Amino acid sequence: MRALRRGAAVAVALAALAAVPAQAEYADVVINRRAEKEGMPPVIFPHWFHRIRFRCRVCHLELGFEMRAGANDITMAAIAEGRFCGACHNGEIAWSPENCFLCHSGRPGLKSGVRGGHQTSGPGRY
């Protein structure tokens with residue numbers, strides 16, 4: 001019941017967002033290599049939301065994310081096995097993959113890539 005209410009709240013929030021012109025926060029990463037092909041909206045990954053909490057090495061060395069947007073072959077199976085996003089999004093550290101639309105929140109047709117600024121002059125120089 002709790003998950004159903006949460007899902008309904010997410011649906012209401014997404015419907016409200018649909019009325020707002022598409023915008024991306026600074027350096028959001030659109031991940032759509034597989035999402036739309038598999039019937040889901042593209043993933044919007046708030047890179048800087050994560051970057052202010054973790055050093056680059058956590059995701060790019062320890063979790064295996066390539067440094068180039070669109071280069072990662074991320075599957076839900078891999079996430080469910082605790083790889084990529086699933087290392088933290090496991091229901092203990094951060095929300096679990098069952099909350100699909102918290103990540104799959106992009107509008108249809110978005111191409112994989114970085115939206116917003118993508119020039120920082122390198123780690124630690126911004």
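Q: What makes a stretch of residues a helix or a strand here?
A: Helices (H or I, at least four residues) and strands (E, at least two) are DSSP runs, numbered from the N terminus. This is a predicted model, in which local features need pLDDT of at least 70 and side-chain atom pairs count only at pLDDT 80 or more, while totals for chains, interfaces and linings use all residues. Residues are numbered from 1 along each chain as its sequence is written, and side-chain values use heavy atoms, with hydrogens and water left out.

Q: Which pattern does the protein chain follow along the sequence?
A: The pattern is α-β-β-α-α-α-α-β. The chain has five helices and three strands.

Q: How do you know that E1 pairs with E2?
A: Strands pair if DSSP finds at least two bridges between them. Four bridges join E1 (residues 28-31) to E2, and the two run antiparallel. Four meets the cut-off, so E1 and E2 pair. Val-30 has Ile-44 in E2 as its bridge partner. Ile-31 faces Val-43 in E2.

Q: What makes E1 and E3 a pair?
A: Three bridges join E1 to E3, again antiparallel. Three also meets the cut-off, so these strands pair. Asp-28 is opposite Arg-115 in E3.

Q: Why are E2 and E3 called edge strands?
A: The sheet is open, with three strands in the order E2-E1-E3. E2 (43-46) and E3 (113-115) each have a single partner strand, so one side of each has no neighbour in the sheet. On average, neighbouring strands are turned by 30° against each other, direction ignored.

Q: Why is Asn-72 called buried?
A: Buried means under 20% relative accessible area, exposed over 50%, and partly exposed in between (1.4 Å probe, protein chains only). Asn-72 has 13%, so it counts as buried. Its place is in the loop between H3 (56-62) and H4 (76-80). Of the 126 residues of the chain, 21% count as buried.

Q: What makes Glu-66 a polar contact of Asn-72?
A: A polar contact is a pair of N or O atoms within 3.5 Å; within protein, one must be able to donate a hydrogen and the other to accept it, and sequence-adjacent residues count only if both atoms are side-chain atoms. The backbone nitrogen of Glu-66 lies 2.5 Å from a polar side-chain atom of Asn-72. That distance is within the cut-off.

Q: Which residues does Asn-72 touch, not counting those up to four places away in sequence?
A: Arg-33, Gly-64, Phe-65, Glu-66 and Phe-84. Contact means heavy atoms within 4.5 Å.

Q: Is Phe-84 buried or exposed?
A: Buried, because its relative accessible area is 13%. Phe-84 is in the loop between H4 and H5 (100-103). Its phi is positive, about 50°, although Phe-84 is not a glycine.

Q: Why do Cys-59 and Cys-88 fall into separate accessibility classes?
A: Cys-59 has a relative accessible area of 18%, so it is buried. Cys-88 has 24%, so it counts as partly exposed.

How values were computed. Axes are lines fitted to C-alpha atoms, for helices over the stretch in contact, and angles run from 0 to 180 degrees between N-to-C directions.
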